[in-house]
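Subject: Salt bridges in the attached model

Dear colleague,

I am handing over the structure below, and would be glad if you could look through it alongside the notes that follow.

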Amino acid sequence: LRLSFEGQLRGFQRFSLKRPPVEFRNELVFGGGPSFRQAWAFRTAKTFKEKPAFLASIVTVTGADRFRLLRGSEVLAEGPVGPGSGRREAPPGKAAPDRVELLAGDRALWTLRGIRVPDAPGAKVFLAGRQLFLTLLDGPGAAMEQGRWYGFEAEWQLKP
């Protein structure tokens, strides 16, 4: 099963559009097993630089009490999941993780693996409280080039 979605991001009000326009596409591919692949991307209709912006895919984490961010076999960050646990991410200068594990005790609930983030300064993977963020833009120096798709990919591995 393949599901594909395309559209334009909206502002905080029901009918407000982002200026400059930011388009998105999202594709989910389901097979017969306990996993699915996702590819998503963003592009802008007009180049902008040095702007304050935050653009992320956000997943609320339920059932897990711990997490690990990994790159290969190296643990970049780990700790508890939940309120008051703050923002946890790879140390400065390290590449984004290619795997996120969410655990309940010693049992893996689900794993996000094969993570690919675009080559962009704001592209990060981090956990804050009970939310997992995969960001494209994060902070005051945000920038996007007109017409370029900034793509992400990952496989969601679910554990029964």
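Is E155 buried or exposed? E155 is buried, with a relative accessible area of 16%, where buried stands for under 20% relative accessible area, exposed for over 50%, and partly exposed for what lies in between (1.4 Å probe, protein chains only).

Please keep in mind that this is a predicted model, in which local features need pLDDT of at least 70 and side-chain atom pairs count only at pLDDT 80 or more, while totals for chains, interfaces and linings use all residues. Residues are numbered from 1 along each chain as its sequence is written, and side-chain values use heavy atoms, with hydrogens and water left out.

Taking a salt bridge as a side-chain nitrogen of Lys or Arg within 4 Å of a carboxyl oxygen of Asp or Glu, the count comes to 12 salt bridges. One of them joins E155 to R113, at 3.0 Å from N to O; E155 lies in strand β12 (residues 150–158) and R113 in strand β9 (residues 107–116), so the pair ties together parts that are 42 residues apart in sequence. Strands here are DSSP runs (E, at least two residues), numbered from the N terminus. R113 is partly exposed at 34% relative accessibility, and both residues belong to a salt-bridge network that also includes R37, R116 and E153.

A further salt bridge pairs R2 with E27, whose closest N and O atoms are 3.1 Å apart; this pair links strand β1 (residues 2–8) with strand β2 (residues 22–30), across 25 residues. R2 is exposed at 53%, whereas E27 is partly exposed at 26%.

Best regards

Methods. Helix = DSSP H or I, 4+ residues; strand = E, 2+ residues; numbered from the N terminus.
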